[in-house]
Amino acid sequence: MNTAPVKWAQRADSVYLTIDLRDISDEKLDLTADKLIFNGKSGDKEYSLELEFLHPVKPSDSTWNVLPRSIQMHIIKEEESDTFWERLLKDKILNKSHVKIDWDKYIDEDDEQESFDMGNMAGGSGFGGGGGGPPGMGGAGGMGGMDMQQMMSQMGGAGGMGGGGMGGMDMQQMMSQMGGMGGMGGMPGGEDDLGDDSDDEDLPDLDLDEDEKKGETEAEEVN
């Protein structure tokens, strides 16, 4: 089993960890208050990692995301240790041999405390079962990964729109009927209602008064 390479940077309130492997698959991450355990594959090789932190962290507030070139984690420190750590790991020897500084995100303790760039965490997942949901959902998680076919199926099972508000018609039936009516043109008041079958033909002829009848008669004699 190969040891996964890891690099880190920190702010007073959090740690940013990167497992520096490409095309990671079958990844398993377990974060507790004092330890991170990782197992996964990159290419045809298997990797593992076990990090015991110098100070406690808060798994429920921390997030992670799988990217094409790495796994990245934003890990929140416990409030009582809301300060810069001397190092990442409790074991000094392991810290020196296993962990590298992420110079792209590094700042000195005396520097201005700007936040980490969190662009790579968009769509990430929470270690505590919360967070933004599966990657690709933009952190919403509101549809629980449901695709359109599943949604249509559930709407049909609920009696169509509004749980029976359409008379038990599901979306598929409604779309089929709309297609059979030629779209909106077949709806009452649409263009298909205009034509030879207009209701105007059913109106009775208006009675003409004597002067109008006389005028019509004279016009016919002239012709």
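**Close-up views of a predicted model**

**View 1. Ser62 makes a polar contact with the backbone of Ile76.** A polar atom of the Ser62 side chain is placed 3.0 Å from the backbone nitrogen of Ile76. The structure shown here and in the other views is a predicted model. Ser62 belongs to strand β7, which spans residues 57-67. The relative accessibility of Ser62 is 1%, so this residue counts as buried, the limit for that class being under 20%. Apart from neighbours within four places in sequence, the residues in contact with Ser62 are Leu31, His74, Ile75, Ile76, Ser125, Gly126 and Phe127.

**View 2. Four strands form an open sheet with mixed pairing.** The order of the 4 strands in this sheet is β1-β6-β5-β4. Strands β1 and β4 (24-31) stand at the edges, and each has a single partner strand, so one side of each lacks a neighbour in the sheet.

**View 3. Strands β1 and β6 pair in parallel.** Strand β1 comprises residues 2-3 and strand β6 comprises residues 45-52; the two are joined by 2 bridges. Asn2 is set opposite Tyr47 of β6. For Thr3, the bridge partner in β6 is Ser48.

**View 4. Strands β5 and β6 form an antiparallel hairpin.** Strand β5, residues 35-42, runs antiparallel to β6, and 8 bridges connect them. Leu36 has Leu51 of β6 as its bridge partner. The hairpin has 2 residues between its strands, and Gly43 adopts a positive phi near 65° there.

**View 5. Ile101, Trp103 and Tyr106 form a nonpolar surface patch.** Together, these three residues present about 340 Å² of accessible area. Trp103 is located in the loop that links β9 (99-101) and β10 (125-126). With a relative accessibility of 60%, Trp103 counts as exposed, because that class requires a value over 50%. In contrast to Trp103, which is exposed, Ser62 of View 1 is buried.

Notes: Residues are numbered from 1 along each chain as its sequence is written. This is a predicted model: local features need pLDDT of at least 70, side-chain atom pairs count only at pLDDT 80 or more; totals for chains, interfaces and linings use all residues. Side-chain values use heavy atoms; hydrogens and water are left out. Two strands pair if DSSP finds at least two bridges between them. Patches are made of residues with over 30% relative accessible area and no salt bridge: like charges are joined within 9 Å, nonpolar side chains (Val, Leu, Ile, Met, Phe, Trp, Tyr) within 5 Å. Accessible areas come from the Shrake-Rupley method with a 1.4 Å probe; for residues, only the protein chains shown count as cover. A salt bridge is a side-chain nitrogen of Lys or Arg within 4 Å of a carboxyl oxygen of Asp or Glu. Buried means under 20% relative accessible area, exposed over 50%, partly exposed in between (1.4 Å probe, protein chains only). A polar contact is a pair of N or O atoms within 3.5 Å; within protein, one must be able to donate a hydrogen and the other to accept it, and residues adjacent in sequence count only if both atoms are side-chain atoms. Contact means heavy atoms within 4.5 Å.
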